[in-house]
Amino acid sequence: MKVARGEFWAGRTLLVVLMAFTILPFISIFMTALHPSGTVPNGLQWPADPQWINFVTAWNQAEMPKLLASSIYIVIAVVPVALVISTMAGYAIGLLRIPGSRALLSLFVFGLTLPFAGFIIPIYFLERAMGIYNTRLAIVLPLIALYMPFAVFWMRAHFVNMPAEISEAARVDGATTWDLFWRIHVPLAQAPIASLGILMSIWTWNQFLLCLVLVEDPTQRTMAGALGAFQGHYANDVPLLCAGTILILVPTLVVFVLFQRQIIAALLQGAVKG
Amino acid sequence: MTIPTPTQTTVTPDNRHRAADAFRRIFRPRKIRREGLVGWLFVLPALLMYVVFVIVPFLSTIQYSFFKWNGVSPAVWVGLKNYATIFQAPNLIGTVVNAFWLVVWFSFIPVGLGLVVASVIHRVATGRLGSVSRTVLFLPQVIPLVAAGIIWGWLLALPGLVNQILKTFGLGALARAWLGDFDTALPAVGVVGIWVLLGFCIVLLLTGVSKVDPALYESARIDGAGWFREFVAVTIPLLRYEIGVCLTVTVVAALAAFDIIWVTTAGGPGSSTSVPGVQIYILGFTQRAIGPASALAVMLMALVVLVIIPIQYLTKEIKQ
């Protein structure tokens, strides 16, 4: 493609400016995190004497090992269960076409439009009544349910395109619907299941409002939820707050760099389908 | 969202299973009934979770919105009084106005700018710079919104990076605590939204641009169209579906915003950045005014549906 030279450089400059806009905030908090705790440095200034110890202090004060364990616990409790039950539902609605499939699909799709803040108050009272308020279960159960509209819709989109002959052959051999599902259809659905798993893991890790409302103890929350509490404690100590934020960002950034292709693809497909 | 409707009548590999379905329905009624039953067992766990933690709370919100209740003492039926309260209190109905202002920042700017950048990347940076910029610009989309809020809370503070840059360019007179100023707090929060959502829009629109038949761009260029003509005549019309998706995602992000605002301003100063999500939290969990909080929640949910439906309708039209 031939493009005029002026336009070429104007376009490239625009790109570089936008990348700077994206990256500078990260550099700023990194430099700030290295200033002595309790001081108020400038936004972008390399410290005379970098205080790497701030990361250790933040690690200990934020009880980072507990936070990591809690976040991993919640992801492990939410994602596999949500994957299994949404895949089963998508299979029944998309491939088995059970009676009432259309109504069921509409019911799930309806949930896609509901903002979570809209029904958080009844969830709070429900969990108090169930006696799970302020436990990790208080985050896990509603999260699984919250993912259902998207997850079922996503898996149904896969199963609706699967030809029925695949099951027909095995059915003749006497396999039950349950066998067919696990031995044939789940292995064939690996790609959409993996993308959905990535999406739900990121959403769980980043969940904030749910943690804020349903769990008072920050060490029982997810990373993002704990970060909110951390901010409350260190509002006046900017370097430590920045150090804590970086520690909480590192796992996400590492995972993103490692799996960027899959993550970008999954998030885009998620938006297009949702 | 597109839900295919089974209208074809010819048997193609795509709809052969539908024919098989029909066959089974006619000739083996007993079998299908049993399969239906087993099928419902497959849906049951997902349905149960969804009904208990989404549908029932959704209905409860509507119910609560007609009562005066503090969460402890018995609830008293008050009819539509909670809705009247919301419309009469400037700080409550103002949250809806603010939400619409946020749409400009969270949605119109990222989608508009995203379109320009996507077409620029497509034209001048197809190589290494293009793929690097894709990754970099996408970065804010994967970090927690809370972290984005904390980062920008510091950047926009009085000694923060934004004011430092202004001073370097001799614009020190403009420096201020951006999030603490009644005039600038909402645009400042809006900039955080741009930072988070711009990359997402660019990358999504870029996939749309790359699907456009290159011959169209070729012929536009042969006709002597410059970047702008090509942008208006080729890129925008052919990307209407992707634009619709971007608009849907970002408009919902604006109307249902909570994390970024809670962390940066908590709705302040005054209620200049307060949005429905934040106000529902304050009413419901700090002031224990469950009735008005639920009424506002119902309004928020209705608002999202009302705004999304036209966008969805437009994108669907285009696909057919």
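Helix axes here are lines fitted to C-alpha atoms over the stretch in contact, and angles run from 0 to 180 degrees between N-to-C directions. Helices themselves are DSSP runs of H or I, at least four residues, numbered from the N terminus.

Quick housekeeping. This is a predicted model: local features need pLDDT of at least 70, side-chain atom pairs count only at pLDDT 80 or more, and totals for chains, interfaces and linings use all residues. Residues are numbered from 1 along each chain as its sequence is written, with chains lettered from A and ligands numbered from 1 in the order in which they are written.

Now the helix pair. α3(A) packs against α9(A), residues 190-205, at about 140 degrees. Their axes are 9 Å apart. The crossing is right-handed, meaning the near helix is turned clockwise from the far one by less than a right angle.

Who touches whom? Contact means C-beta atoms, placed from the backbone, within 7 Å. The α3(A) side includes I74(A), V78(A) and L83(A). On α9(A), the partners include L196(A), M200(A) and W205(A). The contact residues split into ten nonpolar, five polar and no charged. Nonpolar is Ala, Val, Leu, Ile, Met, Phe, Trp, Tyr, Cys and Pro; charged is Asp, Glu, Lys and Arg; the others, Gly among them, are polar.

E63(A) is not a glycine, yet its phi is positive, about 55 degrees. E63(A) sits in the loop between α2 (53-61) and α3 (64-96) of chain A. Over in chain B, R288(B) also has a positive phi, near 55 degrees. Its loop joins α13 (276-286) and α14 (290-319).

Buried or exposed, that R288(B)? Exposed, because 12 other C-beta atoms lie within 10 Å. E63(A) has 15 such neighbours, so E63(A) is partly exposed. The cut-offs: 20 or more is buried, 12 or fewer exposed, in between partly exposed, counting other C-beta atoms within 10 Å.

Definitions and conventions:
Helices (H or I, at least four residues) and strands (E, at least two) are DSSP runs, numbered from the N terminus. Two residues are in contact if their C-beta atoms, placed from the backbone, lie within 7 Å.
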